[in-house]
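The sequence and structure come next.

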Amino acid sequence: SGVSDDNHIILDSHDHLFDQFAQVVCDAGVVARKEIFETWASALYIHSYFLSSETNEVTSIKRVADIAAGHGLLAWALLILDDEHQRSQTTNKSNASRPLTAFCLDVQMPRSAELIHSSMIRK
């Protein structure tokens, strides 16, 4: 896009993923549009600064906990970003690192969590 700001480069490189993520979440029909953008922005930041091997020489963080998760949207976004990152790092399975796992915790799991899960699994 011609923008040299690092934050814009991060966003631009994940546009196709955001489109897919947003479409799946919209298909579930339980999340406000504003929340999709906020969640994706948070996931990009967390992935870039804590989970990506591009910012850390060797990242050992392979499990995240989404506390007060609600419908678990942040965990889904982080899993999608990690999966894409893993695929882009290597095609050699022997060099692949462990996949990210996510644990969602809340007082009660809302129905929206089940609907988003079903929508994500279908895609």
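## A buried lysine and its partner

At 9% relative accessibility, Lys62 counts as buried, because the cut-off for that class is under 20%. The model is a predicted one. The side chain of Lys62 meets that of Asp82 in a salt bridge, at 3.3 Å from N to O. This pair links distant parts of the chain: Lys62 is in the loop between helix 3 and strand 1 (63-67), while Asp82 is in helix 4, 20 residues apart.

Asp82 is buried too, with a relative accessible area of 3%. Apart from its neighbours within four places in sequence, Asp82 is in contact with His47, Lys62, Pro99 and Leu100.

## Salt bridges within helices

Side chains of opposite charge can pair when their charged atoms come close. By the distance rule used here, the count comes to 4 salt bridges. Besides the Lys62 and Asp82 pair, two others are described here, including one between Lys34 and Glu38 and one between Arg87 and Asp83.

Lys34 and Glu38 both belong to helix 3 (residues 33-51), where they sit 4 residues apart, about one turn of the helix. The N to O distance of their salt bridge is 2.8 Å. Lys34 is classed as exposed, since its relative accessibility is 58% and the class begins over 50%. Glu38, at 41%, is partly exposed.

In helix 4, Arg87 and Asp83 are likewise 4 residues apart, about one turn of the helix. Their closest N and O atoms are 2.8 Å apart. Arg87 has a relative accessible area of 58% and is therefore exposed, whereas Asp83 is partly exposed at 36%.

The distances of these pairs are set out below.

| Lys34 | Glu38 | 2.8 Å |

## Helix 2 against helix 4

Two packed helices are described by the angle between their axes and the distance between the axes. For helix 2 (residues 15-28) and helix 4 (residues 73-89), the axes come within 11 Å and cross at roughly 145 degrees. The crossing of helix 2 past helix 4 is right-handed.

Which residues make this contact? From helix 2 they are His16, Leu17, Phe21 and Val25, and from helix 4 they are Leu73, Trp76, Ala77, Ile80, Leu81 and Glu84. Sorted by class, the contact has 8 nonpolar, 1 polar and 1 charged residues.

## Cysteines

How many disulfides does a search of the whole structure find? The search returns 0. Cys26 is partly exposed, with a relative accessibility of 48%. Cys104 falls in the partly exposed class as well, at 39%.

## The chain as a whole

The secondary structure of the protein chain comes to 5 helices and 2 strands. Read from the N terminus, the elements run α-α-α-β-α-β-α. Of the 123 residues in the protein chain, 33% are buried, and both Lys62 and Asp82 belong to that class. Among contacts between residues at least 6 apart in sequence, 72% join residues at least 24 apart.

Notes: Residues numbered from 1 in each chain as written. Predicted model: local features only at pLDDT ≥ 70, side-chain atom pairs only at ≥ 80, totals over all residues. Heavy atoms only, no water. Axes fitted to C-alpha atoms, helices over the stretch in contact; angles between N-to-C directions. Left-handed = near helix turned anticlockwise from the far one by under 90°. Contact = heavy atoms within 4.5 Å. Nonpolar A, V, L, I, M, F, W, Y, C, P; charged D, E, K, R; others polar. Buried < 20%, exposed > 50% of the residue type's maximum accessible area, 1.4 Å probe, protein only. Disulfide = S-S within 2.5 Å.
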